[in-house]
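Here are some exercises to work through with the viewer open. Try each one yourself before reading the solution.

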Amino acid sequence: MSDTAVKTPPAAPTAPPAKRDRGRLLKTLAWIALLVVLLAIPLYLDAAWLKAGQYMMIGGVGAIGLTMLVGQAGQLSLAHAFFLLAGATGYTVLSGPVDDERVFGLGLDPGLSLVGAVVIAALLGLAFAPVSGRLRGIYLGVASLSLVFLGLYFGQSAETLTGGTSTGRSPEPFSLFGFPFTNDGPEIELMGVPIRQAERLWYLFLLLTVLAFVVAKAAVRSRVGRSWRAVRDNEAAASVMGVSVTRAKAGAFAVSSAYAGLAGAMTVLWFDILKPDESEFGTYGINISIAFLAMVIIGGLGSVPGALVGALIVNGLPQVLSLYSADLGWFSGTGDGALTPILVSSFVYGAAIILVVLFEPGGLAAIGRRITSARKPHLPEEQDK
């Protein structure tokens, strides 16, 4: 009997509690150092670079919402641009003046209007639940793509809300508790640097991005996040374990739509105008949905920090190339075949997607985990974070 007994394999080695605590402390200190750097950036960069950074943060907020839907819940969506438009329109209408004869507005407080825009986008995502609960994969992606065309029609037709494609409408400048995020109001200096509209919007967008990041990390680690991953991995098994598949899918779509709505409100503040697209390609078109999908693929499906890195590449590269091209004389050609920063950026992140799919399906987040595990080989690899 002893000759045929199955030997129990030795348990995998684990790190002592002291080393685990030290690793968490170093990680926390790294995040704090990054936050301090981001807080100090407006003191050293001019408005053009701050504007570029704000656009990266817009992409980061939207990408966080999409990576939770696609990577955590396993639902393919190409409708992010639609919810972006919903958030932008919601903020502009809710905060717009009531005495404008050309467009409709409710005259609400801008801070309350920002929250209302997020709620409107979430409710629209929840309304899509009957479709998302019955479809999956490419079929869900094609069905969600129809919302982009619906948004295109809405933007062109509802001129009293959007202002129309010719002129658009200006959003109400943002203010919080009476403090304006424009050049109006009290003059503020920090270390001899005047804190004007570009700097104020930087800090506003940074606050919104940090809040979006923290809430997403908490959701991924919570019971809600575990239910999303259970549905993603096996719907039948998730149902047996007591997870409501329909509710989990609807919740994931509503959360992702809320993040897109917040990114849309940030977009209209960044452009300082709400102007619907004249075709399916534009600020709220198919190209934007594809760009957000590229962010989450490059960063790593399901990874919240990876979504921020993906946004840094996809949304940041065109802005950086535009700023450098003016100084270095790049992209100065004219004509239909001339290279532009946006075109070059599309080539770059298109190639990045191909490389990720072929060589590292986990994206940049998987590379980061591999580097971390190489330094600490005794620690088990964390997934879905």
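Contact here means heavy atoms within 4.5 Å. Keep in mind that this is a predicted model.

**Exercise 1. Find where Thr67 sits, decide whether Thr67 is buried or exposed, and list what Thr67 touches.**

Step 1: Start with the secondary structure. Thr67 belongs to helix H2, which covers residues 47-72.

Step 2: Check the accessibility. Buried means under 20% relative accessible area. Thr67 has 0%, so Thr67 counts as buried.

Step 3: Thr67 then touches Gln72, plus Val296, Gly300, Leu301, Gly302, Ser303, Val304 and Ala307.

**Exercise 2. Work through the salt bridges: how many are there, and which residues pair up?**

Step 1: Recall the general idea. Side chains of opposite charge can pair when their charged atoms come close. The cut-off you need is a side-chain nitrogen of Lys or Arg within 4 Å of a carboxyl oxygen of Asp or Glu. With that rule you get four salt bridges.

Step 2: Take the pair of Arg232 and Asp233. Their side chains form a salt bridge with an N to O distance of 3.0 Å. Asp233 is exposed, because its relative accessibility is 57%.

Step 3: Move on to Glu235 and Lys249, whose salt bridge has an N to O distance of 2.7 Å. This pair links distant parts of the chain: Glu235 is in helix H11 (residues 235-240) and Lys249 in helix H12 (residues 245-271), 14 residues apart. Lys249 counts as buried at 4% relative accessibility, while Glu235 is partly exposed at 23%.

Step 4: Now look at Glu360 and Arg370, with the closest N and O atoms 2.6 Å apart. Glu360 is buried at 14% relative accessibility, whereas Arg370 is partly exposed at 47%.

**Exercise 3. Describe how helix H13 packs against H16: what is the crossing angle, and which residues make the contact?**

Step 1: Get the geometry. The axes of H13 (residues 286-299) and H16 come within 10 Å and cross at roughly 40 degrees. That angle makes H13 oblique to H16.

Step 2: Assign the handedness. H13 goes past H16 in a left-handed crossing.

Step 3: List the residues on each side. H13 brings Ala291, Ala294, Ile297 and Ile298, and H16 brings Tyr349, Ala352, Ile353 and Val356.

Step 4: Sort them by class. The contact of H13 with H16 has eight nonpolar residues, with no polar and no charged ones.

**Exercise 4. Characterise Leu38: where is Leu38, how accessible is Leu38, and what is Leu38 in contact with?**

Step 1: Locate Leu38, which is part of helix H1 (residues 17-40).

Step 2: Read off the accessibility. At 25%, Leu38 counts as partly exposed.

Step 3: Leave out neighbours within four places in sequence. Leu38 is then in contact with Trp202 and Leu206.

Step 4: Compare sequence with space for one of those partners. Leu38 and Leu206 are 168 residues apart in sequence, yet their C-alpha atoms are 8.0 Å apart.

Notes. Residues numbered from 1 in each chain as written. Predicted model: local features only at pLDDT ≥ 70, side-chain atom pairs only at ≥ 80, totals over all residues. Heavy atoms only, no water. Helix = DSSP H or I, 4+ residues; strand = E, 2+ residues; numbered from the N terminus. Buried < 20%, exposed > 50% of the residue type's maximum accessible area, 1.4 Å probe, protein only. Axes fitted to C-alpha atoms, helices over the stretch in contact; angles between N-to-C directions. Parallel < 35°, antiparallel > 145°, perpendicular 65-115°, else oblique. Left-handed = near helix turned anticlockwise from the far one by under 90°. Nonpolar A, V, L, I, M, F, W, Y, C, P; charged D, E, K, R; others polar.
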